[in-house]
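Please view the structure before reading on.

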Amino acid sequence: MLPKSSLYRSITAILKKDFLNELRSYYALSTLIMFILTALSSLSMSLGGITPAPHLLAALLWVILFFSAMAGLSRVFAQEADAGTLFTLKVYALPQAVYFGKLIFSFLLLAGINIILLPLFILFFNIDSPRFLPLLGILLLGSAGLAAVSTLTAAMSAQARGRSSLFTVLTFPLILPQFLSAIRLTGTILSAKPPTTGETLFLAGYAVAAITAGSLLFDFLWSD
């Protein structure tokens, strides 16, 4: 077993590499921002200024976030496959360092998108701004589980044909329990009610379970 300092340095190196690649291309970030703006504009104009019911608003918010994630996070490992560095990463990097480096990158990317998405969502649908922080907290909690699952499924589909479609097909069933819980919890907040403890604990527990399961399964997946 390597020292913790070596694992930490490896995670930091992978995270730094991914951020530098993103800064050079802006692929994932620009794709996500364009998708968010297009989705919000289309929905807002189609509703004609009518504010939907809270639980419908919650479903719209999470659908936009989910498909934004599918558009951007599928390249977390695909860029390695396209550049021909996937084998080198397998040889020289620790599996756990790869998993947690990619996981942290995915979560930070989703966190940035949440910070962009939520104010625009509040603006387009005339939602009370005092609900911003509780909603952002729920989005970040859900994003942790989504990042954990998508990191694993992105690794599974990185070298497959039609990997973007396969990535979505693999991710959706795994994330569905959290997705439904997050919609219910978001709808509760939008209804000006306090978030329920049970749903909040479920979201947190799902995130922890997804990260733990991903960490355990990634060693076997990465070795194949």
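The points below cover aromatic pairs, then a cavity, then a pocket.

This is a predicted model: local features need pLDDT of at least 70, side-chain atom pairs count only at pLDDT 80 or more, and totals for chains, interfaces and linings use all residues. Residues are numbered from 1 along each chain as its sequence is written, and side-chain values use heavy atoms, with hydrogens and water left out.

**Aromatic pairs**

- The whole structure holds nine aromatic pairs. Rings of Phe, Tyr and Trp (its six-membered ring) pair if their centres lie within 6.5 Å; planes under 30 degrees apart count as stacked, over 60 as edge-to-face and the rest as tilted.
- Phe-66 and Phe-67 make an edge-to-face pair, with 5.2 Å centre to centre and 80 degrees between the planes.
- Phe-66 is buried at 4% relative accessibility, whereas Phe-67 is partly exposed at 41%. Buried means under 20% relative accessible area, exposed over 50%, and partly exposed in between (1.4 Å probe, protein chains only).
- Ring pairs join Phe-66, Phe-67, Phe-172 and Phe-179 into a cluster.
- Why is the pair of Tyr-99 and Phe-218 tilted? The ring planes of Tyr-99 and Phe-218 meet at 45 degrees, with centres 5.5 Å apart, so the pair counts as tilted.
- Tyr-99 sits in helix H6 (residues 95-124) and Phe-218 in helix H9 (residues 197-223), so the pair ties together parts 119 residues apart in sequence. Helices (H or I, at least four residues) are DSSP runs, numbered from the N terminus.
- Tyr-99 is buried at 0% relative accessibility. Phe-218 is buried at 0%.

**Largest cavity**

- There is one cavity of 30 Å³ or more. On a 1 Å grid over the protein atoms alone, a cavity is a set of points where a 1.4 Å probe fits but cannot get out; lining residues have an atom within 4 Å of a point.
- The largest cavity holds about 50 Å³ of space. A volume is the space filled by probe spheres set on the grid points, which are joined across faces, edges and corners.
- Its lining includes Trp-62, Phe-66, Gln-178 and Phe-179.
- Helix H3 (54-73) and helix H8 (163-190) are the elements that give two or more residues to this lining.
- The lining has six nonpolar residues, one polar and no charged. Ala, Val, Leu, Ile, Met, Phe, Trp, Tyr, Cys and Pro count as nonpolar, Asp, Glu, Lys and Arg as charged, and the others, Gly among them, as polar.

**Second largest pocket**

- The second largest pocket has a volume of about 160 Å³. A pocket is an open set of points with protein on both sides within 12 Å along at least five of seven lines.
- Helix H6 gives the largest share of its lining, five residues.
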